[in-house]
Amino acid sequence: MANKKGGGKREGGSGTALIGNGRRSAATKAESPDSRFPISDSPRPSAGLTRDQKLDLYYWMRLTRTLEERLVALYRQTKVVGGLFRSLGQEADAVGSAFALERRDVLSPLIRNLGSMLVKGATPLEILRQYMAKGDSPTRGRELNIHFGDTDRGFIGQISPLGDMVPVMAGVTLTFRMRRQDRVGLVYVGDGATSTGAFHEGINFAAVQRLPLVVIVENNGYAYSTPIEKQTAARQFVDKAIGYGIPGAQADGNDVLAVYDVTRQAVDHARAGGGVTLIELMTYRRKGHAEHDNQSYVPAGEIDRWAAENDPINRYLGVIRESLGATEAEIAGIDARVAAEVDAATDEAERSPPPQPLDALVGVYADPPGERPLWFREGSDRAVDVNERAEGWGTWSSRTGSA
Amino acid sequence: MAEVTYLEAIREALVEEMDRDENVFCMGEDIGAYGGAFKVTEGLLARFGESRVIDTPISEIGIVGAAAGAGHMGMRPVVEMQFIDFIANAYDILTNYVATARYRAFLPCPMVVRGPSGGYVRGGPFHSQNPEAGFIHTPGLKVVYPATAEDAKGLMKAAIRDDDCVLFFEHKYLYRRIKAEMPAGDHIVPIGKARVAREGKDVSIITYAAPVWKALEAADVVEKEDGLSVEVIDLRSLAPLDDDAIFATVRKTNRVLVLHEDTRTGGIAGEITARINESCFEWLDAPVLRVTAHDIPLPYAPQLEDFVLPQTSDIVRAVRRLAGY
């Protein structure tokens with residue numbers, strides 16, 4: 001046992017219970033030949049989704065991908081100021097899980113959860129303005145990419161140090177319980193973040209307190225360039241649930257209905273007072289860590305194989321054609337709607353102004369700044385007068401107001 | 001009214017604020033049934049119940065992160081570091097997450113991180129630290145470090161009501177050594193305001209926390225032996241610093257000693273000296289001097305600790321040197 005990795009094989013009983021039964025569960029056959037791990041197949045909450053809701057799942061995944069493709073074009077035109085992070089091939093994992101939440105619930109996304117944020121109410125215009133560092137972006141040009149949040153809409157922005165959002169979401173859900181609110185929290189981490197102290201301390205605290213929190217580990221195979229074999233000696237990430245004394249579940253992260261099902265079961269479990277669940281979603285990162293990453297560390301053929309055989313959108317198109325009887329015209333209509341929305345948002349974002357330099361100086365504290373201005377830097381002594389706004393700055397509201 | 005200790009004053013503040021505002025709650029290691037390693041939270045569990053006095057696993061990142069999340073949702077958590085030395089474990093989440101939350105994401109973090117700090121107690125390298133300098137360097141945090149029982153209570157109440165994260169350093173040497181009668185009523189000491197602990201006209205000592213008392217001792221010595229009149233400024237708040245109070249005492253005495261228990265290099269004394277240099281250069285009759293700990297980890301043996309930490313005799317020597325210019 002000292003060298004578990006020496007065994008090499010990643011199969012056999014997981015020792016991890018599926019949600020709800022609290023016992024070791026025999027592996028059931030996965031629905032898809034590409035699924036490496038099974039999910040609990042009865043009852044399936046997705047059976048209760050309406051046809052429109054199931055088409056919405058396709059809409060959100062398509063919107064995620066089209067918006068990212070637009071961002072790639074803008075990146076190549078140097079209109080995206082910083083790095084660009086793709087979730088290509090992971091759209092089902094983001095969308096399906098966020099779709100399992102109620103409006104009042106709160107999630108904290110990771111860098112590949114653009115889809116989760118869109119489902120929660122973030123708009124393409126906000127995303128584009130963020131990436132383009134516009135003055136009227138949700139963070140007024142202070143933060144990058146999808147690093148922003150809005151507690152009113154139920155998503156809390158991540159920061160770059162990984163794992164930190166787990167204890168933060170423990171505190172969010174602790175508040176839900178203290179106030180006896182019927183609300184659940186969902187926090188995403190990647191395979192890499194499971195190695196951090198923050199992940200461990202956060203999930204352990206939440207588990208001890210039996211907080212209404214769902215922790216999703218998106219196993220996309222790589223943390224930047226580091227493969228999972230160099231991240232953990234555990235056979236699978238879901239095994240970590242045992243150590244925290246909480247239920248664990250795995251699902252095919254590229255099957256949007258499977259993702260919805262497993263998340264919804266965990267959310268229901270949390271809402272009923274059952275405490276934390278750890279979910280491992282099996283997926284694959286088809287692009288690099290960010291757009292600059294040439295993926296030289298990926299074995300030849302691996303990306304192409306996932307693209308050809310296990311694209312979450314193509315798979316779901318098969319589902320909605322067969323089980324919903326969606327017509328080609330219907331699907332084309334959704335695609336056209338997505339394209340029009342992204343076009344309109346792009347036009348508007350391009351017209352957005354850059355931030356004013358003096359804007360940088362305000363908003364650190366709720367009180368007006370106590371620091372003396374740098375008097376030799378022109379205009380800085382007027383920064384507070386010019387830029388401090390009674391509404392939106394340093395208040396409880398997460399609203400950023402209009403430009 | 002009876003006098004209360006520095007430690008009891010902090011507890012009074014916690015109780016009053018928890019009574020006043022149901023959003024205030026406490027989290028920390030061993031703070032519930034045991035009442036905390038120094039008994040600051042003794043009696044709180046019985047009074048407020050375990051939903052508001054939460055014993056946590058040994059997880060400084062977890063505790064501080066959870067406080068931030070609760071703060072976002074409108075709560076006002078007060079979290080204890082069992083010894084402030086362990087705040088280093090939470091450095092990432094305090095500096096990267098909490099300190100930036102309002103600026104980058106408009107997320108409020110109205111929370112207090114408090115804990116026993118400082119030396120002179122034979123605590124050794126991990127129960128004696130003064131890590132405040134690492135945090136005043138971080139925009140978005142506030143830092144207070146009271147020297148008196150009145151300020152311990154008034155600053156704690158202000159910290160709990162503050163809409164941003166306040167790091168509340170408690171000097172463990174002072175916990176049970178000093179007492180005072182608490183001002184009547186809702187006693188609040190505003191954050192960012194220094195206090196003149198002793199009026200003087202020849203030399204100023206700018207300091208905070210336990211060394212305030214050493215400065216007062218030194219002031220007595222040089223008054224008696226040298227006829228010098230020393231002014232002692234107790235900063236109380238380290239972030240934000242009270243520039244007005246600092247500059248006022250410089251203009252009054254023209255000779256300044258900055259004193260702290262923290263190590264020398266990168267300590268707050270350097271920052272204060274730079275501010276005086278930028279704003280009061282013409283008022284100085286002598287270089288600004290520092291008395292601080294030596295730049296080494298704090299050792300355990302009394303002979304070693306006493307040698308490393310600033311003592312009254314060090315202050316007396318520095319004041320005499322300033323007076324000689």
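This is a predicted model: local features need pLDDT of at least 70, side-chain atom pairs count only at pLDDT 80 or more; totals for chains, interfaces and linings use all residues.
Is B:Asp234 buried or exposed? B:Asp234 is buried, at 0% relative accessibility.

**Salt bridges**

Over all chains, the structure holds 52 salt bridges.

| Pair | N to O distance | Accessibility of the partners |
|---|---|---|
| A:Asp268 and A:Arg264 | 3.0 Å | A:Asp268 34%; A:Arg264 24% |
| B:Arg195 and B:Asp234 | 3.0 Å | B:Arg195 22%; B:Asp234 0% |
| B:Arg255 and B:Asp285 | 3.9 Å | B:Arg255 16%; B:Asp285 44% |

Take the chain A pair. The side chains of A:Asp268 and A:Arg264 meet in a salt bridge. Both residues belong to helix H8 of chain A, residues 256–271. They lie four residues apart, which means a separation of about one helical turn. An α-helix has 3.6 residues a turn, so residues three or four places apart point the same way. A:Asp268 is partly exposed. A:Arg264 is partly exposed too, at 24%.

Now B:Asp234. Its side chain meets that of B:Arg195 in a salt bridge of 3.0 Å, N to O. B:Arg195 counts as partly exposed, whereas B:Asp234 is buried.

B:Arg255 and B:Asp285 form a salt bridge at 3.9 Å, N to O. They too link distant parts of chain B, 30 residues apart. Both are loop residues: B:Arg255 lies between helix H8 (243–253) and strand S13 (256–263), and B:Asp285 between helix H9 (268–280) and strand S14 (289–293). Here the arginine, B:Arg255, is buried at 16%. B:Asp285 is partly exposed at 44%.

Chain B also has a network. Salt bridges link B:Glu12, B:Glu16, B:Glu17, B:Arg20, B:Lys153, B:Lys157, B:Arg161 and B:Asp186.

**Helices of chain B**

Helix H1 of chain B covers residues 6–20.

Helices H3 (residues 60–72) and H4 (residues 91–105) of chain B meet. Their axes come within 10 Å and cross at roughly 5°. H3(B) and H4(B) are therefore roughly parallel to each other, because angles under 35 degrees count as such. On the H3(B) side, B:Ile61, B:Val64, B:Gly65, B:Ala68 and B:His72 make the contact. On the H4(B) side, the residues are B:Ile93, B:Leu94, B:Tyr97, B:Val98 and B:Ala101. By class, eight are nonpolar, two are polar and none is charged.

**Chain A overall**

Chain A has twelve helices and seven strands. Of its 403 residues, 57% are buried. Among contacts in chain A with a separation of 6 or more, 75% join residues 24 or more positions apart.

Helix H1 of chain A runs over residues 51–76. Its 26 residues should span 38 Å, and the end C-alpha atoms are 38 Å apart, which agrees.

How values were computed: Residues are numbered from 1 along each chain as its sequence is written. Chains are lettered from A and ligands numbered from 1 in the order in which they are written. Side-chain values use heavy atoms; hydrogens and water are left out. A salt bridge is a side-chain nitrogen of Lys or Arg within 4 Å of a carboxyl oxygen of Asp or Glu. Helices (H or I, at least four residues) and strands (E, at least two) are DSSP runs, numbered from the N terminus. Buried means under 20% relative accessible area, exposed over 50%, partly exposed in between (1.4 Å probe, protein chains only). The expected span of a helix is 1.5 Å times one less than its number of residues. Axes are lines fitted to C-alpha atoms, for helices over the stretch in contact, and angles run from 0 to 180 degrees between N-to-C directions. Angles under 35 degrees count as roughly parallel, over 145 as roughly antiparallel, 65 to 115 as roughly perpendicular and the rest as oblique. Contact means heavy atoms within 4.5 Å. Ala, Val, Leu, Ile, Met, Phe, Trp, Tyr, Cys and Pro count as nonpolar, Asp, Glu, Lys and Arg as charged, and the others, Gly among them, as polar.
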